[in-house]
There are 2 protein chains.
Amino acid sequence: MPSHAPGPIDLARLQEVLDGPWSAVRDAHRRHLDARFLPVHGETGDQARARITRLLAELPVELGTSAAFPTEYGGQSDVGASIVASEMLAQVDLSLMVKSGVQWGLFGGAVVALGTRRHHDAYLRDIISGKLLGCFAMTETGHGSDVQQLRTTCTYDPRTQTFDLHTPHQAARKDYIGNAARDGRMAVVFAQLITGGRRHGVHAWLVPIRDAQGNPLPGVTIGDAGLKAGLLGVDNGRITFDHVTVPRDMLLDRYGQVAPDGSYSSPIENDSRRFFTMLGTLVRGRVSVGGAASAATKSALTIAVRYGDIRRQFGTPGADREVLLNDYLAHQRKLLPALATTYAYHFAQAELVAALHDAQRGDGPVDEHQQRELESRAAGLKAAQTWHATRTIQLCREACGGAGYLAENRLPGLKADTDVFTTFEGDNTVLLQMVAKGLLTGYRDEFGSLDGWGRASFVADQVREMVLERTAARSLIQRLISAVPGRDEEVAVTDRGWQLKVFEDRERHLLEGAIRRLRGGANTKKDHPFDIFNDVQDHLLAVAAAHVDRVTLEAFVAGIESTPDPAVQELLSRVCDLYALSVVESNKGWLLEHGRLTPARSKAITSVVNSLLKELRPQLRTLVDGFAVPAAWLDCAILREEPDRQETMAAHDAAGDPRTVPA
Amino acid sequence: MPSHAPGPIDLARLQEVLDGPWSAVRDAHRRHLDARFLPVHGETGDQARARITRLLAELPVELGTSAAFPTEYGGQSDVGASIVASEMLAQVDLSLMVKSGVQWGLFGGAVVALGTRRHHDAYLRDIISGKLLGCFAMTETGHGSDVQQLRTTCTYDPRTQTFDLHTPHQAARKDYIGNAARDGRMAVVFAQLITGGRRHGVHAWLVPIRDAQGNPLPGVTIGDAGLKAGLLGVDNGRITFDHVTVPRDMLLDRYGQVAPDGSYSSPIENDSRRFFTMLGTLVRGRVSVGGAASAATKSALTIAVRYGDIRRQFGTPGADREVLLNDYLAHQRKLLPALATTYAYHFAQAELVAALHDAQRGDGPVDEHQQRELESRAAGLKAAQTWHATRTIQLCREACGGAGYLAENRLPGLKADTDVFTTFEGDNTVLLQMVAKGLLTGYRDEFGSLDGWGRASFVADQVREMVLERTAARSLIQRLISAVPGRDEEVAVTDRGWQLKVFEDRERHLLEGAIRRLRGGANTKKDHPFDIFNDVQDHLLAVAAAHVDRVTLEAFVAGIESTPDPAVQELLSRVCDLYALSVVESNKGWLLEHGRLTPARSKAITSVVNSLLKELRPQLRTLVDGFAVPAAWLDCAILREEPDRQETMAAHDAAGDPRTVPA
């Protein structure tokens with residue numbers, strides 16, 4: 001058992017740790033975004049879209065929403081600030097966050113990353129100011145998760161020196177495109193580049209889609225995705241191109257150029273490699289979505305925890321104190337592990353943002369291995385954080401009972417708006433497969449590609465010797481693990497080194513097993529190449545999940561190590577115990593199967609978790625207050641209507657009846 | 001491994017089994033409810049309410065929605081039919097289902113069950129016809145799950161021979177009340193009965209709340225719960241009474257009478273026992289909600305499974321066949337166990353409906369033990385089915401990717417509308433505590449009460465010797481279990497007897513452990529009575545979950561036994577294997593800890609589950625088609641827009657590129 005109960009916490013110290021290096025960006029949001037920017041309930045889709053478009057234009061420049069743009073065009077060349085700004089906007093209004101992400105992240109980001117000087121000079125200032133609103137037209141109806149195979153074509157004709165952009169059939173229409181149904185004037189359109197009768201793979205063009213009056217241009221058909229589960233303020237639409245003429249210089253040609261005569265050239269020979277390099281520059285979107293999901297989770301937990309400290313459940317027979325919802329073990333079992341996991345992802349996300357910021361700041365050549373590792377981490381943490389958000393916001397809604405179902409209490413909006421995050425900017429299941437692939441191949445070559453998974457030769461060729469790479473505080477973590485004595489049974493389950501070892505061990509063992517099974521399959525299933533991969537798909541997803549867990553725990557440990565205030569450090573250390581042991585608890589089946597836990601130790605973990613819940617119960621409120629979500633952003637009826645406790649306690653006493661459960 | 005792959009299935013035979021004894025009610029719904037009754041997307045709250053109120057009046061009499069009412073007033077005295085009608089309505093529009101449940105189940109049902117002849121004569125015909133719309137005003141803002149302690153008072157004055165109905169403070173206002181915000185003319189109001197200066201516990205009155213023009217009556221203040229996450233067509237509201245005069249004869253006085261002089265009498269002496277008897281008559285609501293949740297789950301699964309048979313994910317390298325979403329192991333791992341569990345709950349629900357129907361049909365005295373057991377089963381299955389619905393509909397939404405987020409594809413509506421089911425008609429966590437209590441006390445005395453959980457003397461007094469009661473096919477199940485040889489390791493994990501034994505064993509062991517811990521707590525925690533209960537709350541919830549799992553498996557086994565068609569029986573048997581082994585798999589941690597599984601056997605179960613998925617893959621479509629949700633009720637854009645497969649396959653071939661994963 002942990003020996004020191006956390007002492008009194010100076011909330012400002014805790015907030016400092018959580019706010020991190022971009023605290024100024026966070027504070028700017030807290031200061032500048034008032035009730036005017038909060039969600040409005042009961043709007044029609046049209047009203048919501050009109051309001052969000054208006055608010056997008058009114059976002060104060062201080063927020064840093066477009067900070068990632070180059071300084072020379074009015075940005076700050078500050079990638080970290082732009083991601084943190086997304087996280088903060090997500091606590092205000094998720095439609096506003098997504099709308100701004102489409103405009104400045106996807107659309108603007110693609111122009112920066114895939115375009116060259118002439119595109120930047122011509123468009124970036126208007127994109128940053130919001131004068132030119134645009135779309136990111138990649139996904140197609142029939143090929144959501146298979147971008148490299150998208151069907152839209154863009155064919156160069158040297159006689160006219162123009163491209164012909166065309167949607168060959170319905171399954172190739174661009175679908176779910178943000179900013180398309182109402183506001184977008186231009187779109188970055190992804191299509192197969194064809195010139196001189198040859199295909200050169202997917203490229204992007206900057207294509208006008210509406211005129212100044214907002215009418216679709218000739219050859220461009222724009223549909224409306226219609227009502228969605230949430231994000232009503234975002235105008236998702238569908239775009240079809242019927243032989244639309246695109247001038248040669250509208251090809252975003254950083255990674256592939258077409259000369260007037262139609263000859264093609266590129267700094268990257270291999271089509272597939274070029275494709276993934278192009279996509280790699282867009283990793284920021286995934287990091288933003290993961291962070292936004294966690295930010296919304298923090299809002300939901302703040303609401304549920306505060307409500308649980310107000311709301312009484314049943315009277316306590318014979319007790320002299322009032323029992324609140326948060327006092328119940330079952331309630332703590334719901335909220336506290338979810339809260340601890342949210343803390344863990346917070347540190348993992350912060351580390352990822354810093355790493356991405358550093359990588360994209362440098363002007364030197366990008367280390368390919370490092371870039372792939374970063375993309376993998378972004379994919380894994382996006383999947384983990386968005387699934388965690390879906391689960392946790394649901395749990396918070398239920399923890400608030402019927403009140404959690406009312407729009408006025410914010411939880412329905414948080415739930416509905418974040419729901420799509422698990423399947424957009426990459427479907428989570430597909431993303432975790434990418435993570436597993438990266439681990440198997442050591443992030444070499446065509447990282448994102450699932451090509452060849454089914455080839456019998458794949459495993460022998462590709463799978464490297466297994467080395468787990470540490471992302472954070474490498475030496476600290478090695479030291480902690482090394483300090484664990486040989487016999488696990490002698491170590492407390494709250495020993496950090498033991499926890500790190502269990503996480504690492506689980507990942508390593510799962511990965512080794514996957515390699516073994518893939519090798520075996522490659523030998524025995526030559527005639528059924530699809531099955532080689534498919535028969536171990538659940539195993540590969542488990543590898544990826546174990547990897548994300550390990551990366552997350554290591555980031556949490558590194559974050560605690562660099563926390564200056566001792567009381568805050570102690571509190572975070574208990575929260576980290578709860579996170580680590582919750583993960584162990586939910587994987588205890590696997591750990592017992594593989595002799596990583598004895599039955600006795602496994603049972604002990606359940607009771608240590610329960611003790612941690614008791615120990616952390618008094619700090620529940622502090623833990624959510626550390627997120628520092630402004631009161632104005634949590635304007636919920638249930639947090640306002642605090643029932644008069646004096647009265648109800650008196651009534652309880654007067655009633656004198658046994659307390660009972662209900663219908 | 002299972003030895004026989006299921007043969008070709010005659011869909012009509014499968015549907016027959018699933019439709020069960022009230023197939024005529026199901027068919028009437030399928031025949032009479034056309035597109036006019038389906039949800040409309042993008043309505044305002046007011047529009048949705050107006051439409052649902054109109055449709056409520058237009059529901060064809062053939063449906064049996066009000067079948068539970070006594071024959072003499074125009075009903076059919078057919079409780080089973082009314083529950084099955086709710087299940088069917090839930091597949092059409094959940095607002096309509098809830099609205100009709102409020103009117104004919106809660107409001108009308110309370111008048112039948114708690115009122116006497118004069119109330120029946122005066123009101124039942126108008127209630128059945130929908131001429132008199134009413135509310136069920138039980139829940140209060142401050143005491144959602146503690147009905148016995150609700151604060152509204154109704155005080156008799158012999159001088160005026162009237163009651164004074166009063167809301168003493170804001171926390172006592174009636175909240176989340178369906179039919180209140182717009183339509184209700186009367187309400188069954190639950191309040192503390194006071195006469196002659198004495199309290200006699202909670203009773204119910206029939207109270208007019210609006211005049212003929214729809215204006216609140218004097219002293220009655222009606223608020224609007226406003227926009228909700230879903231169920232927009234239901235007008236939930238809040239009612240406050242300011243010394244409202246209620247005539248003496250409006251007390252629903254079946255279980256408690258007040259004479260003109262104010263003297264109180266009741267056929268049931270004990271206040272608490274009377275209270276639970278009164279509530280017990282309302283068990284139908286919970287059974288309807290559980291069934292409705294499963295019905296919505298069936299719709300969602302039908303959509304996701306059909307979509308997964310249309311949608312291709314990636315091209316298959318070197319394969320000569322087209323790979324569909326449903327071919328992926330990860331996709332099967334999501335959909336198939338959820339589908340198998342839906343089948344299992346289907347049989348458990350059907351058994352419960354039949355049992356309730358039989359119990360409420362008889363005019364003889366109700367066996368109290370049996371009644372409590374029925375209430376417990378209703379509570380447990382309501383919790384299990386509604387949580388399963390929330391999880392599964394979410395999973396279906398994600399399985400459909402971005403398309404699952406569009407309102408036109410029905411999943412957002414199914415998700416949002418069913419979400420509240422986990423916390424209404426009894427919060428699921430509270431319901432599972434009731435189930436555990438029933439098991440501990442053998443359903444004796446004050447079943448629903450949590451009174452005394454905290455008393456040191458409780459456990460010694462109350463906890464009986466443990467006997468698990470079998471609900472269905474008792475002799476069959478005993479025979480199957482007895483046939484299992486002594487050494488588990490020698491039995492196939494698909495042996496039904498072994499599965500039943502594991503389920504029973506888990507329940508028994510958890511229950512014994514809970515008793516032991518409660519006894520221990522009663523001795524050592526005398527000074528902290530709340531902790532005696534609270535420290536084992538997670539254990540008690542596990543007991544309840546294990547009980548529901550066991551009851552569900554037994555019902556599934558009984559259902560298979562009585563299936564006449566051999567091919568259908570064989571198919572159901574495989575589905576039952578998948579259900580049973582999915583439950584074992586998700587509890588393998590506990591089973592390994594307690595020596596119920598060896599590590600080798602535990603690992604084997606994972607691969608048997610994967611084999612079952614492969615085996616059932618060809619039957620996926622059949623399994624959802626068995627639910628027989630009419631095509632008109634599943635009018636989803638994604639099921640209409642089947643992309644041209646010929647074309648896309650050709651394009652795949654032409655591209656010749658490696659297939660890759662996406663951004």
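Tutor: Two strands pair if DSSP finds at least two bridges between them; strands (E, at least two residues) and helices (H or I, at least four) are DSSP runs, numbered from the N terminus. This is a predicted model, in which local features need pLDDT of at least 70, side-chain atom pairs count only at pLDDT 80 or more, and totals for chains, interfaces and linings use all residues. Residues are numbered from 1 along each chain as its sequence is written, with chains lettered from A and ligands numbered from 1 in the order in which they are written.

Student: What makes S2(B) and S5(B) a pair?

Tutor: S2(B) and S5 (residues 186-195) have 3 bridges, in the parallel sense; B:Cys154 has B:Leu193 as its bridge partner.

Student: Why are the side chains of S2(B) said to alternate?

Tutor: B:Cys154 and B:Tyr156 point to one face and are buried (20 or more other C-beta atoms within 10 Å of their own, the C-beta atoms being placed from the backbone).

Student: What makes H9(B) largely enclosed by the rest of the structure?

Tutor: Of the 33 residues of H9(B), 25 are buried, so the helix is largely enclosed. Helix H9(B) covers residues 329-361.

Notes: The expected span of a helix is 1.5 Å times one less than its number of residues. A residue is buried if 20 or more other C-beta atoms lie within 10 Å of its own, exposed if 12 or fewer, and partly exposed in between; C-beta atoms are placed from the backbone.
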